[in-house]
Every structure is written in structure tokens, then in C-alpha cells.
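Good morning, and thank you for joining.

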Amino acid sequence: MGVIYLDHLSGTPLHPRVKEAMIHHINTVYGNPVSDHQVGQMAAQALDTARSQVAALINADPGEIVFESGGTESVNHAIKGVAIGMREKGNHIITTNIEHKSVLNSLRTLRLLDYTVTSLDVDPHGMVDPAAVEAAITPGTILISIMLANNEIGTIEPIAEIAKIAQKHKIVCHTDAVDAVGVIPVDIKTLGVDLLSMAANQFYGPPGVGALYVRKGTRVWPLLDGGMQENKRRAGTENLIGIVGMGVAAEVAKEELPERLPRIKALRDKLRDGLVARIPSIIINGHPTQTLPHLVSVSVKYIEGESLMLMLDEEGIAVATRSACASGSLRASHVLISTGMDFASAQGTLLFSLGRDTAEADVDRVLEVMPPIVQTLRDMSPIYKKEHTT
Amino acid sequence: MYSEIVMDHFKNPRNVGEITDADGIGEVGNPVCGDMMNVYIKVDNDKIADIKFKTFGCGAAIAVSSMLTELAKGKTLDEAMKITNKDVAEALGGLPQNKLHCSNLGADALHSAIKNYMDRKAGKIKDTAKDREEHVKSREAQACYCPYCSKEVQEESPFCIFCGTEISHEHDH
């Protein structure tokens, strides 16, 4: 029996068409896009095609797409690039308490360089209040950076509304859309942001490649200094094999999304409702409707997430956990704590993220296997007994 | 990530459960930090006649508890007091570096249970509720909290991501 992979937020397998395009590229193209000879121009053409494909996925112009080494670099580039590019205008940045570490730690670095940061709280569903964003604006505010969809609880933030506020106050607006692009329809024209970060391995492209959308006229200083690649916005010879893969992944996503979306969402609903019906004392995290369609974020009380994840793995089910133990930092998730969850419950958090290959039988299998595992671990847990006898 | 011995003890933990008429109970850690371990012992003729555990924690914490009970069973109290957290980790074929700190509480829980037994035997009335509170306090001191908004922050973070306050890292851990 194969593995039931329900950790698509950590990375998706390559789509067969992506794999094919990358292999074809490896076999036929080797030049550098900056070279004016014919070999180089073949590479330049592949780069242009990929740029158009990625632009089309978010309804942008190809000239507004900068290829990066992934979501993390894209976020670093947006935040630090605006901080440097707009320094004479001010030094204040607005963000939220539930951002990805690439945002948090980019801002940590900027704090050392005399930038100030306002980090906004979220409601129990993880939702940011646009009025709070507007209230936080000062004359020195140069950037608002708020994620489109959260990677731990799935909440989709009111970015279009926040972008309007930013526009009104002439402040650059960036959104980390790494977990949204290729998963839900994202249209840059309706969203209205100036900068948007995305990563190929969230939509069946390869890891190690991403892009930053830069609206025409937005001042973003390069993060990597060097040559004139990417219209002087990101130096260094492009990872063309990866970029070709990302381009095809974007094209495939645009084609398949109308079919993928309702099917995955129906399976997600079945998994979520099935877990609630079968396992007592669990919490479904995030917003009830404004949420990523492929994610179930669940906190199982009285037990710890890593042991639950390991036991599911023994049954051939791959999921992610957000317990402190598994985080590497040994700290409870800042996202869950920000929504007001207690530390102990946050420890029992699992993330199921479904994908285009997920079948109904996979969901049935999880619903069959997980309740007895939870019970085994709860029977072993000292806090389960305590709270159940008092 | 984990050795084969760790995975074996995690998947098939030995001596899980509770001894209702235990002679000594040891309780360390707290679920805030991710790990909590209770050890129950039955003492006969200064030897650990029976031992059971209950644990809230990661794979390492469960394996540590299981291995500890195996190491302690049948030992005299003096021998059992000499079992260290390091001994347990070694018997498991090693633990990942980041788990040595938080999940390796087994020997502490055992020693606490033996101390509890000695106290009871000496006729000291033990206030278990108060004892537990002290354990919890000592564990919490290992985490970093923003002194201004009380939210947990990264150890090396120069400022609190929640309230933006500068943090000096001079506390004692």
C-alpha cells in the first residue's frame, strides 16, 4: 500500500506535465539567457515563456514577475527591498502576529537597522481587522505586509480591503500568498496589492523556485546585487530548470483549478466533519468559511502532536504537526497562540493538507485509523485522566 | 530522526498505566512545554517491585518513559537513584540533540517518585498539590516570555513580535 500523503502545504509532488517539461528542458537547453548567441537565446525564450505562464496565473503582466529562489526569498526581497527603496519616506512597517517566519525574521533584521514594526493581533479565527490596519498607519509608514492565507490555520485575510486602505494612504502593500497561489484563484487586479510572493512547490512545481509580483512603478531595491538579470531586480543566473517547471505548473494550475477546487474541498469537508463526529474534544482551527479549501487544521486535546504524527506515519499517513516538540524551536506555534489558544491544546495540533491525488478512500482510511490512535495516546496521557475525572 | 530502539519503545511502550495504590508518585514537566511525565512505584523490601508511567509528550518522551521503567524495575532504591537521564538516553541508542533537553525527564520523574516514597515513609505529610506547582514553575522558567505582553518569544529575538518591545536577554537559563 502506498503512502497517503496529506502534507501538501509542506510541498507538492511534481505534476507529470511539469516533470516532462523539466526533463525536456534539461535535454535540449543549456545556454545562459543573457547570451546573445542562438544557444543563449533558446534559454531566454524558455525564460520568457515561463514568465508569461506565471503572470497569467495571477492576471499580471509578464514584466511584473521576478523569479526568486522560493517563497522565502520572495518575501525577503519584498520586505527588505521596500525598506531600503523607501527609506527616505519613513521607517515604519505594519504586519500581523500570524505571519510566516520569513516575514517575522525579515522584520527582526530590519528592527536592528532602526525600522519600527507594528504587529497586529488577530481574532480567534485568525482574521485581521482592516480598521486596525488603518489605525496603525503613521506618517512614517512605508509598508503593509499581511499574508493572503495562513499556513497553519488556513484563514484567508481581507487583503483586497487592506490594499485599498494602503492605496488611499499611498503605502506599499505586500502579501505573502505562498499558500494561496495555485490553490485558490488569485487575481492581482481584484486584490490590488503592489507586491505578492508565491512558490512553485505549493502547486505541483519544483521546490527552490518562486516569484515576486512587482506592480509597475513600485520601488523595490534588489536583495541580491550583481548583474542585470530579472530586469535588474534580482541578480544571478536564473535557475532555469526550476523556472521552466514553475511556468508549466502555473499553466496547469490555471487549467485544472476549476475542476480541482470543488473536488478537494468536498473531500476536505468530509475529513473535517468526520473527525469532529468521531473524536471528542478536538478543535477545528481557522475561519469557518474564509479558509484554504485543502486544509484541515485540528487541535486534539490531551495529547501531543508529534507522537500522533508518528503513529499516523506508521499507518502510512503523512501529515504535519505544529507542536512545539516538532517545530525545532521547541516553542508552541505563534499562530495558534495568537488566536487565543492555550499552550497545551496547541501542542496537539495536526495539519492535513489535501492535494489533486487525494482520493475519497484516503479520507476514509484516516477516519478509520485516527480515532483509536488518539484513544491510545489519551489513555497514556496524565492530563486526559485528570480533566476527565474532575 | 529517531533510533530503532526509540521507535520500538514509542510504538510498544512498556509499563504504561497507573498504580492506584502506589507507594510513591513522581510528576515532572508540564504540558505547556510539551512534555509531562508521571511515574508510579510500588516498593517491596527496598526494591522497586512495580513501576508504571503516564506521559503527555512527543515520541522521545514516551520512549524515555518506557525505557526508564525497564531500567528501574527490580532495582534497589539506591541503584534507582543513580539512574541518570543520560543513562536512559544511552539505553535508547541516543536521542536527537533538541530532545535531550525537553523530553528526557524520565530519571527526574523516577527520583521524584522515590523521594515521595521516602517522605511518606518518614511520616512527612506531603502536599502533592503544592509539590506539583513547584515543578510547573521550574519548567516554565526555561521558556522565554516577553516581559511586557507575557507572550512567548524566541530566545534570540531582539524584540517581541507581538508588542514590538525590545527585549534584553539577561534571564537565568
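**The sheet of chain B**

Let us begin with a hairpin: strand 2 of chain B and strand 3 of chain B form one with 2 residues between them, and Asn45(B) in the turn has a positive phi of about 55°. Please note that this is a predicted model, in which local features need pLDDT of at least 70 and side-chain atom pairs count only at pLDDT 80 or more, whereas totals for chains, interfaces and linings use all residues. Residues are numbered from 1 along each chain as its sequence is written, and chains are lettered from A and ligands numbered from 1 in the order in which they are written.

Strand 2 (residues 35–44) and strand 3 (residues 47–56) of chain B run antiparallel and are joined by 9 bridges. Two strands pair here if DSSP finds at least two bridges between them. Strands (E, at least two residues) and helices (H or I, at least four) are DSSP runs, numbered from the N terminus. Within this pair, Val43(B) has Ile48(B) of strand 3 as its bridge partner, and Lys42(B) stands opposite Asp50(B).

In what order do the 3 strands of the open sheet in chain B lie? The order is 1-2-3, with antiparallel pairing. Strand 1 (24–30) and strand 3 of chain B are the edge strands, each pairing on one side only. From one strand to the next, the twist averages 15°. For angles, axes are lines fitted to C-alpha atoms, for helices over the stretch in contact, and the values run from 0 to 180 degrees between N-to-C directions.

**Two helices on the sheet**

Helix 2 of chain B packs on this sheet, touching strand 2 and strand 3 of chain B, and its direction makes about 175° with that of strand 3. A contact requires C-beta atoms, placed from the backbone, within 7 Å of each other. Helix 6 of chain B lies across strand 1 and strand 2 of chain B, running at about 140° to strand 1.

These helices also meet one another. Helix 2 (residues 59–72) and helix 6 (residues 106–121) of chain B pack at an angle of about 50°, their axes 9 Å apart. They are therefore oblique to each other; angles under 35 degrees count as roughly parallel, over 145 as roughly antiparallel, 65 to 115 as roughly perpendicular, and the rest as oblique. Val64(B), Ser65(B), Met67(B), Leu68(B) and Ala72(B) of helix 2 make the contact with Gly106(B), Ala107(B) and Leu110(B) of helix 6. By class, these residues divide into 6 nonpolar, 2 polar and no charged. Ala, Val, Leu, Ile, Met, Phe, Trp, Tyr, Cys and Pro count as nonpolar, Asp, Glu, Lys and Arg as charged, and the others, Gly among them, as polar.

**Chain A**

Turning to chain A, helix 2 (residues 38–57) and helix 9 (residues 240–278) of chain A pack at about 35°, with axes 8 Å apart. Their contact has 14 nonpolar, 3 polar and 2 charged residues.

Chain A is divided into domain 1 (4–10 + 258–389) and domain 2 (16–253), with bounds from an automatic or database domain assignment. Their C-alpha centres lie 29 Å apart. Domain 1 of chain A gives 20 residues to the contact and domain 2 of chain A gives 19. On the domain 1 side, strand 10 (295–300) and helix 11 (334–338) of chain A each supply at least two residues, and helix 11 has the largest share, 4 residues. That side divides into 7 nonpolar, 12 polar and 1 charged.
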